[in-house]
Amino acid sequence: MKRSRKKQQMTVYLDPDLFKAVSDTATRRRQSGSLVVETALSVFFSPEEGTGQAALTRRLDRVDKRLSRLERDTGITVETLAQFIRFWMIMTPALPESSAAAARAQAAERYEGFIEALGRRLATGRRLYEDVLPPDAQVSASTTVAFCVEF
């Protein structure tokens, strides 16, 4: 922490609980209360790239948020795929042997079309679940299942 040669004095009024926390921290660290408050304010006003426990906590909070969003997105993806497969298996009748070759050829053509459409969609950077749910929606696995079943 960079210190100027001459510090300026400021009088502040603190909540009793906050005052006690500052006093306890100063006693525990064997530092003055002024130094504890100065350090806390310095960390509070420091940029994100700062060092120290507060910066680490901010970074961990961001990582936690990203992991939560990733977990939500993965849950949506898995449940969507499972519901699609279930629906497809229920609704698609078995093919007779005589038309199996033609069905395979048509399936290969449709699959290629699907892969091309998927590539175009991924190239836009926009995801389907973003159209369905807002990005900050908190979704649990049970909510995702209920959503997919109702959809």
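Let me start with one contact. Asp24 forms a salt bridge with Lys20, and their closest N and O atoms are 3.0 Å apart. By salt bridge I mean a side-chain nitrogen of Lys or Arg within 4 Å of a carboxyl oxygen of Asp or Glu. Both residues sit in helix α1, four residues apart, about one turn of the helix. Why does that spacing work? An α-helix has 3.6 residues a turn, so residues three or four places apart point the same way. Asp24 is partly exposed, at 34% relative accessible area. Lys20 is partly exposed too, at 48%. On these terms, buried means under 20% relative accessible area, exposed means over 50%, and partly exposed lies in between, with a 1.4 Å probe and protein chains only.

Now, the ground rules. This is a predicted model, where local features need pLDDT of at least 70, side-chain atom pairs count only at pLDDT 80 or more, and totals for chains, interfaces and linings use all residues. Residues are numbered from 1 along each chain as its sequence is written, and side-chain values use heavy atoms, with hydrogens and water left out.

Next, the layout. The chain has six helices and zero strands. Along the sequence the pattern reads α-α-α-α-α-α. Helices here are DSSP runs (H or I, at least four residues), strands are E runs of at least two, and both are numbered from the N terminus. Of the 151 residues in the chain, 11% are buried. The chain exposes about 13400 Å², and carbon and sulfur atoms supply 61% of that. Those areas come from the Shrake-Rupley method with a 1.4 Å probe; for residues, only the protein chains shown count as cover. What about contacts, meaning heavy atoms within 4.5 Å? Among those between residues at least 6 apart in sequence, 52% join residues at least 24 apart.

How far can we trust it? pLDDT is the predictor's confidence in each residue, from 0 to 100. The chain's mean is 81, and 81% of its residues reach 70 or more. Confidence is highest in helix α1, residues 16–29, at a mean of 92. It is lowest in helix α6, residues 141–150, at 47. Over residues 144–151 the pLDDT is below 50, and beyond near neighbours in sequence this stretch has 10 contacts in the model. Where pLDDT is low, the predicted coordinates should not be read in detail.

Back to α1. Its 14 residues should span 20 Å at 1.5 Å a residue, and its end C-alpha atoms are 20 Å apart, which agrees. The expected span is 1.5 Å times one less than the number of residues. Which residues of α1 are buried? Val22, Thr25 and Ala26. Helix α2, residues 33–45, is part of what covers them. On the other side of α1, Pro16, Asp17, Thr27 and Arg28 are exposed.

What follows α1? Arg30, with a positive phi near 55°. Note that Arg30 is not a glycine. Arg30 lies in the loop between α1 and α2. At 78% relative accessibility, Arg30 is exposed.

Helix α4 itself covers residues 100–124, 25 residues in total. From first C-alpha to last, α4 reaches 36 Å, close to the 36 Å expected.

Last topic: the other salt bridges. How many are there in the whole structure? A search finds three. Lys7 and Glu38 meet in one, at 3.0 Å, N to O. Lys7 is in the segment before α1 and Glu38 in helix α2, so the pair ties together parts that are 31 residues apart in sequence. Lys7 is partly exposed, at 48%. Glu38 is partly exposed as well, at 23%. Asp73 and Arg72 form another, at 2.8 Å, N to O. Are these two buried or exposed? Both are buried.

Conventions
Contact means heavy atoms within 4.5 Å.
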